[in-house]
Amino acid sequence: MQQEAQSSAFSVPENLPLLPIRDAVVFPSMILPLFVGRDVSIHAIEAAVAGDRLLALVTQRDPEVEDPGPDDLYTVGTVGMVMRLMRLPDGRLKVLVQGLSKIRISQFIRTEPHIDVQVEEIVVEELAEWSVEVEALMRGVRDKVEELLPLKHLPPEIMSITANVEDPGRLADLVASNLRLRVEEAQELLEIHDPVTRLRKIDGLLRRELAVSSMQAEIQGAAREELGRSQREHFLREQMRWIQAELGDAEDKDGEIEEMRSRIEASGMNEEAHTEATRQLERLSHMHPDSSETQVIRTYLEWMVELPWAKTSDDLVDLKEARDVLEHDHAYLNKVKERILEFLAVHKLRGGNSSRGPILCLLGPPGVGKTSLGRSIAQAMGRSFVRMSLGGIRDEAEIRGHRRTYVGAMPGRILQGMRQAGSVNPVFVLDEIDKLGADYRGDPASAMLEVLDPEQNGNFRDHYLNVPYDLSNVLFVATANLIDPIPRPLMDRMEIIRLPGYTPEEKEVISRRFLVPRQIEECGLTQAKVKVSRAAIKEVITRYTQEAGVRSLEREIGRMLRKVARRFAEDEVTEASITLRNLTSYLGPAPIADEAIPRNALPGLARGLAWTEAGGEVLLIETSKVRGRGLTLTGQLGDVMKESGQAAMSYVRQRAPELGYADLLLRNEIHVHVPAGATPKDGPSAGVTMATAIISLLTDTPVRSDVAMTGEITLRGRVLPVGGVREKALAALRRGITTVILPEANRNDLEEIPPELAKKITFHFVRDMDQVLELALRDPIKAGRRSAQHSSRSPSQIVRS
């Protein structure tokens with residue numbers, strides 16, 4: 001241990017024996033134990049002890065030199081005193097020396113039997129005056145020594161010693177003697193005579209040592225922590241292995257491997273899947289049961305053996321029984337029922353041989369029974385049923401799964417559904433396929449292309465399994481409200497079946513057959529004690545709901561029957577009958593359905609027909625003129641509808657000289673508004689309605705209030721076909737409109753309208769705007785005269801069904 005010791009006053013002799021030192025530099029006031037074994041060193045110590053016990057302590061330039069000469073020694077060293085001497089049994093000496101002051105060798109006197117040198121003392125320069133810089137340096141050195149104390153394992157008493165040292169040179173020597181510096185750095189420090197310069201040098205060395213020691217401690221701490229964790233895990237694993245050996249669990253692992261092997265053989269996997277499963281099983285058998293990779297492989301194999309690879313459910317080939325099941329669960333929806341029966345008929349004629357399952361897309365407004373129809377299809381075919389909601393899915397991995405390199409990876413929802421089904425030929429409903437999204441994680445709609453392509457889904461590859469899986473026998477049934485959001489390549493792979501909205505008569509039948517009995521049962525009532533009249537059901541259909549489906553209708557029926565159930569629960573009644581007379585006591589006042597459609601005929605006011613995802617609707621087109629020029633369109637209209645309004649305005653300007661309102665157009669701005677401004681509207685079918693309303697405004701001729709129209713307009717006034725004729729006609733009938741103007745090209749669409757409803761509407765089929773104006777305006781246009789070209793056109797064709 002190194003420490004400071006006070007030396008008594010002495011004078012340095014002119015000649016001294018020299019003790020060469022390896023790997024160390026002795027500073028003044030430094031006490032150092034030495035083991036001496038070389039003959040030249042032993043003779044030097046003996047000479048010193050025989051005299052005044054003083055000798056020159058000088059460091060060798062190269063510690064490997066066994067017999068150092070004058071050139072092998074530094075010229076600056078320290079006068080040291082032999083404080084203690086001990087002879088060891090092997091002939092060596094153990095001495096304790098103390099450094100007293102610095103010296104410089106001026107001449108070598110002799111080298112045998114020991115080295116004698118002539119020296120001169122290096123007088124230590126005294127500090128001229130105390131300064132702030134010196135005080136700051138000394139405090140900084142003391143602070144760094146305190147920080148370095150636990151890192152370098154310095155002797156604890158060094159703090160008390162340095163605190164009492166006031167001389168900067170002495171403080172530098174004291175700190176240097178305890179830092180374990182390299183020989184070159186320590187010798188350089190010894191040869192600096194100015195105390196302040198020496199203190200600055202030691203401050204820099206302390207900074208370096210502090211940084212190195214801090215990093216070393218951090219590395220050692222991390223290594224010690226990792227080593228401790230590894231040793232602990234190894235110890236625990238050894239204990240677990242010993243416990244398992246005592247309990248016989250090692251045999252259980254072998255049994256688990258064999259069980260998994262038998263399950264792989266019995267699963268009926270294809271060749272590639274079987275090869276991969278066997279390879280992973282071999283890896284599992286050589287792994288430690290507690291490693292993380294073991295759990296990953298075990299989970300992968302569980303998925304492989306639990307998927308249905310060859311298990312099929314027998315299709316119901318009795319077409320009459322299948323038809324009865326479909327009719328029992330759903331009324332109407334004849335197109336879908338016919339398509340399913342056609343598939344079963346083909347399957348029956350093929351003798352039960354595997355045939356590719358159809359990929360259907362049921363397109364229709366909400367509440368018409370698209371999702372529940374999928375369950376009925378599965379029941380009618382005798383297959384298992386799986387439903388997957390696609391609404392809001394934005395990650396492609398939801399369809400194809402995650403690769404096994406990710407923590408917590410698992411197969412996509414397609415294979416999850418197949419495992420849930422338990423057979424390779426279920427009815428798989430892809431609900432709300434038009435609500436698929438896309439973001440930076442991929443496009444799920446593009447991932448669905450392989451799933452729904454009959455030419456590719458026989459070798460569907462999930463990222464997790466990474467082996468082909470056959471989806472060709474699955475009957476996929478997708479549902480959608482709108483066809484526009486579905487990408488064209490995806491739509492091309494599906495057979496679109498449109499489900500129109502229900503008529504009021506159809507809703508009445510559905511209510512009596514399905515909705516009312518189901519809600520009576522859900523409310524804990526019985527049909528024997530609760531009766532709902534037909535008139536009450538019709539009133540709920542026409543006055544309380546306005547929808548293409550029956551979802552809101554069932555909600556209103558349920559609300560009505562819950563009030564009845566409460567009266568039963570409170571023992572107010574023992575039976576109840578809901579009629580038209582007491583309906584308002586259960587549901588409150590009926591909403592006024594025709595509130596938004598005025599019944600009076602006014603100039604600039606026309607009624608159009610629109611189709612939305614909720615079914616058909618009657619739109620009111622309002623126009624007005626104010627001073628200015630141009631056209632303004634409002635009502636939250638989409639781009640297509642705005643362009644349709646521009647086309648209608650161009651047609652109106654074209655007819656201005658002929659119909660006599662050119663001056664009005666030059667002086668006035670036309671404003672076209674479609675009420676319900678918070679509801680987005682789009683599509684080209686309001687073109688003829690806008691043109692009619694603007695011409696009605698400019699000619700001051702009212703539009704008939706019992707007429708509604710639909711059709712796309714061209715710049716030349718031709719009327720082009722539109723879609724959703726059935727829904728639009730039903731919407732007109734709900735609003736009490738009995739005359740509908742349709743494009744000539746939509747004549748064949750009347751077949752979709754039930755005959756009993758078509759009889760209540762007069763349909764006019766037109767080819768151009770002249771025919772529309774003849775039918776829609778209440779009076780002939782007074783201003784202007786039509787050209788021979790327009791007057792020679794044939795009158796519109798009228799159909800009265």
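**A close look at the salt bridges**

Reply: Let's start with R387 and D431, whose side chains meet in a salt bridge, 3.1 Å from N to O (a side-chain nitrogen of Lys or Arg within 4 Å of a carboxyl oxygen of Asp or Glu). R387 sits in strand 8 (residues 385–389) and D431 in strand 9 (residues 427–431), so this pair ties together parts 44 residues apart in sequence. Helices (H or I, at least four residues) and strands (E, at least two) are DSSP runs numbered from the N terminus. This is a predicted model: local features need pLDDT of at least 70, side-chain atom pairs count only at pLDDT 80 or more, and totals for chains, interfaces and linings use all residues. Residues are numbered from 1 along each chain as its sequence is written, and side-chain values use heavy atoms, leaving out hydrogens and water.

How covered are the two partners? D431 is buried, at 4% relative accessibility, while R387 is partly exposed at 43% (buried is under 20% relative accessible area, exposed over 50%, partly exposed in between, with a 1.4 Å probe and protein chains only).

The structure holds 43 salt bridges. In another one, E272 pairs with R461, their closest N and O atoms 2.7 Å apart. Since E272 belongs to helix 8 (residues 271–285) and R461 to strand 10 (residues 460–461), the bridge ties together parts 189 residues apart in sequence. E272 is partly exposed at 36%, and R461 is partly exposed at 32%.

Then there's R655 with E658, at 3.0 Å from N to O. Both lie in helix 21 (residues 639–659), 3 residues apart, about one turn of the helix, and both are buried.
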